[in-house]
Amino acid sequence: MDELVSLLISPLRNYRAWLLAVLLTGGIGVAQAQSQNPVVVENTKSGTDSWMISNSANDTEQQIKGYASATSVNKGQNIDFFISVNLAQTYDIDVYRMGWYGGARGRLMKSVSSLNGTTQSPPVYEDATGIVSYQWTSSYTLAVPGSWTSGIYLAKLTNSQGFENYISFVVRDDARTADLLYQQPVTTYQAYNPFPRIQGLTQQRLVLGDEPASEVDQANRLGNARPADTDAQTATPAATLSTAELADIGKSLYEYNSSPVTTASGTTRALKVSFDRPYEGWGDGQFFSWEYYLVGWLEGNGYDVAYATNLDLHQQGAGVLQGAKAMISAGHDEYWSKAMYDAADQMRDSGKDIAFFGSNAVYWQIRFAPNASGAANRVIICYKSPSLDPETSPSLKSTRWRDVGRAEQSLVGVQYITDNEWAFNTDYVVTNSDHWVYADTGFNDGDTVSGITGYEVDTLFADTDTPLSENQTLLGASPFTGRDGTNTSSNSSIYQAPSGAWVFATGTMSWPWALQHEEFIDARIQTTTKNILDRFINGEPATPKLVVSDFDEGSSGFNYQDDTFRNTRNHAHANGYHAPGRGFSGGAIAVRLGGGEDVAAIDMSGGWYSSFDLATSSEVTLSFRYVLSQSPDYESDEYSEVLLDVDGQLYGTAPDDYIARVAGDGDGGGWPSTNWQVFTVDLGTLAPGAHQFTIGAFGNQRSDVNENTELLVDDVSISVVSD
């Protein structure tokens, strides 16, 4: 929390190699899409990676820098860009929407070429508060078409010398209701922004595709730790700017990256910061540190998501949801106004779900003020000390929320405790693995996910107000050591409010890396995140599973029958039988064919059957796992199959309707085997009443005494959603 950290994105060649692998393996798609929502449609359009910066302007020479008149704009409206170049020259603007786009991650929306650029006026600095602001004239007005899809947009500025930088903004769609509302934490972007700082004093972000300098620790190359100062990062100030104009006046709300001059805080940090200035480095704020991975994963998986900033939450309150089912607080969402906190409480208490996919959220209370021209909410006020803050209302003092009686834990579920450099990230450790959040992940208590705990972490404070809930669950307890030596346990959490709303918090900043960062992708965290968002969107299942059987306690609920599939393909005779106790583990039930007393039987079959009742017309899904094996003595024309019958209908691979088949080769080698597989079938809508299903096996030829087929079946489940 005490230090702004910069992302070192992997070298470009590694990114492209990973991207190619994802595309070839189909690693990310729109399988979760509920319908052809605008995000799905948008991401079918041609993408490009030309949004990447390869020659970033620096914060000393400021070859090209810019900022926007607002943090977000509704589609169909205008937003102004304020741009300065050094030296005076022409420049281009290319506007990209960030998403998935088949792995390209961006789409070019508009290009404007050969605009005449000038070196605009130096900033205005206020000694007492340390606020730095610019009063540049508008350089370009972007009329946002009504056809643009809500999203996070980057206007890439490129001067005629080839130097590049971003202006970041969000396009809203105030007329559309999406499933999810994504909140970009721009107040935190600005709180950590020290622009303008002299190069060599400022810790500069390395450029996408560059190799980090040798002085940068290898562990920091892919994370969000600051690179060390190097000669390569130090530039000579441009001759066109005077010494006064290059004065080191840049300040953030932190001492570590603020200029040396002391403010009324008694330290070097500012008490106010302005949106009327560019962001440092690439100009993206903190987007590429964590949100880049979350946005790509959400859009790559087809979620219906609309975008806003937390400044929109301040201005519109709970109405910013526009009917969405849930809100996502993304990335580093640390700085909240009272209006923001009140709106989030109102969302939760009205039944709207919230996910905090970061840590250190809702930590500092802030207020807003207009800029010198009277534009509202362009200045963030945060004294970080009740005694310094001239505000007379104790509840509005700009200090930690927990110090004004509204500990963030009462909303988030956990709260900030410590931080450390990315090089000290630790593993995420799973607890309460039987919770629905972890369904189908394979997680067990104590399992770990590499390197995603940090750089800031939250924990559950026992002596602080907890959320009003009867079922808060800690989903992770991950050991972590802060830079101050604090040893703690980072907790992820989920709870359900009395309204029925769920609130989830990762308790760690780096959770999104496990969704899509090439070094940290973890399918189990992806499934966990999907479980959470799908519950937010679809609600709890309408009914529980009707049938669940793992056979660890025997064959309860099932009966075995020889000749079950005798009529399959007009079989003349069938003679399968149950062979218990075959020495396998895991509780499976065997259907053994051949190798018994009737070794001359032809067309053998047998299976286990059970039934279930439906009170109403229902959507039914059946699944089970199996392994089918055949001895090496079978000849090549002899095969065995796994079969499923529901109400007299076979389900499987057309036209033969088998689920799996193994065939002999007669070479005396190892057993042909499917190994353990899972079969899932959507049975569609079934009518009310009783329904019977049978799982079994079939062998197409007579067997000899040394020809054995064995089917093991386990974990049979039927899930039902009633109309």
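Colleague: Does Phe-693 count as buried or exposed?

Modeller: This is a predicted model, in which local features need pLDDT of at least 70 and side-chain atom pairs count only at pLDDT 80 or more, while totals for chains, interfaces and linings use all residues. Residues are numbered from 1 along each chain as its sequence is written, and side-chain values use heavy atoms, with hydrogens and water left out. Buried means under 20% relative accessible area, exposed over 50% and partly exposed in between, with a 1.4 Å probe and protein chains only. The relative accessibility of Phe-693 is 0%, so this residue counts as buried.

Colleague: Which class of aromatic pair do Trp-336 and Phe-356 form?

Modeller: Rings of Phe, Tyr and Trp (its six-membered ring) pair if their centres lie within 6.5 Å, and planes under 30 degrees apart count as stacked, over 60 as edge-to-face and the rest as tilted. The structure holds 40 such aromatic pairs. For Trp-336 and Phe-356, the centres are 6.4 Å apart and the planes stand at 35°, which is tilted.

Colleague: How far apart in sequence are the parts that this pair of Trp-336 and Phe-356 ties together?

Modeller: Strands (E, at least two residues) and helices (H or I, at least four) are DSSP runs, numbered from the N terminus. Trp-336 and Phe-356 are both buried. Trp-336 belongs to strand 15 (residues 335-337) and Phe-356 to strand 16 (residues 353-357), so the parts tied together lie apart in sequence by 20 residues.

Colleague: Which residue has its charged end over the ring of Phe-461?

Modeller: A charge sits over a ring if NZ of Lys or CZ of Arg is within 6 Å of the ring centre and within 35 degrees of the ring normal. Elsewhere, Arg-661 lies over the face of Tyr-639, at 3.8 Å from the ring centre. Over Phe-461, at 5.3 Å from the ring centre, sits the charged end of Arg-402.

Colleague: Which residue of strand 8 is the bridge partner of Asp-80?

Modeller: Two strands pair if DSSP finds at least two bridges between them, and strand 3 (residues 78-85) pairs with strand 8 in the antiparallel sense over four bridges. The partner of Asp-80 in strand 8 is Thr-141.
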